[in-house]
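Q: I have a chain to go through before a meeting. Please take me through it one topic at a time.

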Amino acid sequence: TLVFNNNLRRQNAVGNLGSIGVGVGEFSVTGTLNTYFENLDILQDVIQNTPRGFDIRVKDDKGKVMLFSAPRNKYTSGAPTVPGKNQDVPLEVGFQSLLEKTGLYTFQIQRFHITQ
């Protein structure tokens with residue numbers, strides 16, 4: 001899941017019935033990443049508070065591709081769920097996207113069209 005928040009707010013003024021503008025706040029991205037618990041890498045990142053990035057690529061049958069990129073994320077929660085013996089172990093982690101080190105962006109969405 002992804003949750004985007006621009007932190008917009010009303011700007012009021014004395015003598016005006018409605019708002020006179022919209023104030024722009026800090027852009028934030030939070031969400032939940034569901035994955036299979038294959039090894040200790042992501043769990044160690046959660047425990048040690050290590051920022052990591054991820055990319056998600058979605059493609060349709062007509063060659064249209066969307067790439068969702070979060071270059072630096074802080075995991076805020078997560079623990080593997082053991083459903084039972086001889087079953088896959090899922091891992092659900094909460095995250096908050098951080099401004100990447102060069103300060104250019106927090107989250108990026110790109111669209112492509114791949115032709116064969």
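Q: Which residues does Val-58 touch, not counting residues up to four places away in sequence?
A: Val-58 touches Lys-64, Val-65, Met-66 and Phe-68, where contact means heavy atoms within 4.5 Å. Please note that this is a predicted model, in which local features need pLDDT of at least 70, side-chain atom pairs count only at pLDDT 80 or more, and totals for chains, interfaces and linings use all residues. Residues are numbered from 1 along each chain as its sequence is written, and side-chain values use heavy atoms, with hydrogens and water left out.

Q: Where is Val-58 found, and is Val-58 buried or partly exposed?
A: Val-58 belongs to strand S5. Helices (H or I, at least four residues) and strands (E, at least two) are DSSP runs, numbered from the N terminus. Val-58 has a relative accessible area of 43%, so it is partly exposed; buried means under 20% relative accessible area, exposed over 50%, and partly exposed in between, with a 1.4 Å probe and protein chains only.

Q: How far apart are the C-alpha atoms of Val-58 and Arg-111?
A: They are separated by 9.7 Å, and the two residues are 53 residues apart along the chain.

Q: What share of the residues is buried?
A: Buried residues make up 22% of the 116 residues.

Q: Which strands does S4 join, and how do they run?
A: S4 (residues 28-36) is joined to S1 (residues 2-5) by four bridges, and the two run antiparallel. Seven bridges link S4 to S7 (residues 90-97), again antiparallel. Two strands pair if DSSP finds at least two bridges between them. Val-3 stands opposite Thr-30 in S4, and Thr-35 has Leu-91 in S7 as its bridge partner.

Q: And Ser-28, buried or exposed?
A: Ser-28, in strand S4, counts as buried at 18% relative accessibility. Neighbours within four places in sequence aside, Ser-28 is in contact with Val-3, Phe-4, Asn-5 and Asn-7.

Q: New topic: how many aromatic pairs are there in the whole structure?
A: A search finds three. Rings of Phe, Tyr and Trp (its six-membered ring) pair if their centres lie within 6.5 Å; planes under 30 degrees apart count as stacked, over 60 as edge-to-face and the rest as tilted. Phe-4 and Phe-107 have ring centres 5.1 Å apart and planes at 70 degrees, so the pair is edge-to-face. Phe-4 is in strand S1 and Phe-107 in the loop between S7 and S8 (108-113), 103 residues apart. Phe-4 is partly exposed at 40%, whereas Phe-107 is buried at 12%.

Q: What about Phe-54 and Phe-95?
A: Phe-54 and Phe-95 are edge-to-face as well, at 5.2 Å centre to centre and 80 degrees between the planes. Phe-54 lies in S5 (residues 52-59) and Phe-95 in S7, so the pair ties together parts that are 41 residues apart in sequence. Phe-54 is buried at 13%, and Phe-95 is buried at 2%.

Q: Which residues make up the largest nonpolar core?
A: The largest nonpolar core has 11 residues, including Val-29, Leu-33, Phe-54, Ala-70, Leu-91, Phe-95 and Phe-107. S4, S6 (64-80) and S7 are the elements that give two or more residues to this core. Such a core is a set of buried Ala, Val, Leu, Ile, Met, Phe, Trp, Tyr and Cys residues joined through side-chain atoms within 4.5 Å. In soluble globular proteins, nonpolar side chains tend to be buried together.

Q: Finally, what is the phi of Asn-49?
A: Asn-49 has a positive phi of about 60 degrees although it is not a glycine. Most residues other than glycine have a negative phi. Asn-49 is in the loop between helix H1 (41-48) and S5, and is partly exposed at 42%. Asn-86 also has a positive phi, near 60 degrees; Asn-86 lies in the loop between S6 and S7 and is exposed at 78%.
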